[in-house]
Amino acid sequence: MKHRVIKFPSVNQFRNTVKVAKLNSAYTGRDESDAPVYDFNKAPPVLEFLGTVKLHGANASIIHRVGQPLCCQSRNRILSVKNDNAGFAQFALCGTGESIWNPYFDALRDANRISPSEAAIVYGEWCGKGIQKGVAIAAFDKTFVIFAIRAYDEMKEEGRWLYPEEMRAVSLPEHDRIKSILDFPTYRVTIDFNNPSQVQNKLALLTENVEAECPVAAAMGVSGTGEGIVWRCVSPDHNNSDYWFK
């Protein structure tokens, strides 16, 4: 069976998330001509966001489909050992192999009620020596750092992202080159979208601190420059990529 890429979405800037939050909160439905209707007198929401360290590497992911071999992909294409990207497929399919990934995905499905008809996708950054330059994490051995997990119905072309606590529900495969971004320093902010500028200085300061000294690299014994922070909404009913920004 030929698989297609289930892409990781682009992460927007803060201003885009502000626009989305205001429009979504004002949306009331559609009129008789099927045009969207908005009530801008409705107050925008106050939402909680979790920040994780942004890593400078190569976007990579592993797809688990029940009854089928594991599949690896980059941001834009399916990978194989013969058609790889910085050695990720070689690592994931041969270096670690199905012997550790299949039990992990089975446990992940059970813990988070991912149905057999849905693909389970682990997204992460393949980072380390020889992948990117100019950041501290380029100094250590290539490592797969998981930052998001999705359950996706390929027939309906829709899915859901696991909340951080759902991602933590199952231990990662025991391997020194497989990590979770949630095991490194994280950050929390509350954003009132009625006055989002109130939080901008705090966001900028946190980003500057990470850029000056990468917390992920520091935890692994390397000092140097970081890439920034990715923010995702963790409030109920807002756990989708429209509410992610960097």
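In this predicted model, Gly 51 sits opposite Tyr 187 of strand 11. That pairing belongs to a run of seven bridges that ties strand 3, residues 46–53, to strand 11, the two running antiparallel. Zooming out, the sheet is an open one of four strands, ordered 11-3-12-13 and paired antiparallel. Strand 11 (186–192) and strand 13 (244–245) take the edge positions with a single partner strand each, so one side of each has no neighbour in the sheet. Helix 5, residues 200–212, packs on this sheet and touches strand 3, strand 11, strand 12 (229–233) and strand 13. The direction of helix 5 makes about 160° with that of strand 11. As for what holds such a sheet together, strands pair through backbone hydrogen bonds, in either a parallel or an antiparallel fashion.

Next come the pockets. The largest pocket has a volume of about 450 Å³. Its lining is made up of 24 residues, and those nearest the centre are Phe 8, Val 11, Lys 54, Phe 147 and Val 230. Strand 3, strand 8 (143–153) and strand 12 each put at least two residues into this lining, with strand 3 giving the most, at three residues. Sorted by class, the lining of the largest pocket comes out as 13 nonpolar, five polar and six charged residues.

The second largest pocket has a volume of about 200 Å³. Lys 54 turns up here too, as part of a lining that also includes Gln 13, Phe 14, Trp 231, Phe 245 and Lys 246. Helix 5 and strand 12 are the elements that give two or more residues to this lining. The biggest share comes from helix 5, with four residues; among the lining residues are Gln 200, Leu 203, Ala 204 and Thr 207. By class, the second largest pocket is lined by six nonpolar, four polar and two charged residues.

Elsewhere, helix 2 (residues 88–96) and helix 3 (residues 98–112) form a crossing pair: their axes come within 6 Å and cross at roughly 95°. Helix 2 is therefore roughly perpendicular to helix 3. On the helix 2 side of the contact are Ala 92, Leu 93 and Thr 96, which meet Glu 98, Ser 99, Ile 100 and Trp 101 of helix 3. In terms of class, the contact between helix 2 and helix 3 has four nonpolar, two polar and one charged residues.

Terms used:
Residues are numbered from 1 along each chain as its sequence is written. This is a predicted model: local features need pLDDT of at least 70, side-chain atom pairs count only at pLDDT 80 or more; totals for chains, interfaces and linings use all residues. Side-chain values use heavy atoms; hydrogens and water are left out. Two strands pair if DSSP finds at least two bridges between them. Contact means heavy atoms within 4.5 Å. Axes are lines fitted to C-alpha atoms, for helices over the stretch in contact, and angles run from 0 to 180 degrees between N-to-C directions. On a 1 Å grid over the protein atoms alone, a cavity is a set of points where a 1.4 Å probe fits but cannot get out, and a pocket is an open set with protein on both sides within 12 Å along at least five of seven lines; lining residues have an atom within 4 Å of a point. Grid points are joined across faces, edges and corners, and a volume is the space filled by probe spheres set on the points. Ala, Val, Leu, Ile, Met, Phe, Trp, Tyr, Cys and Pro count as nonpolar, Asp, Glu, Lys and Arg as charged, and the others, Gly among them, as polar. Angles under 35 degrees count as roughly parallel, over 145 as roughly antiparallel, 65 to 115 as roughly perpendicular and the rest as oblique.
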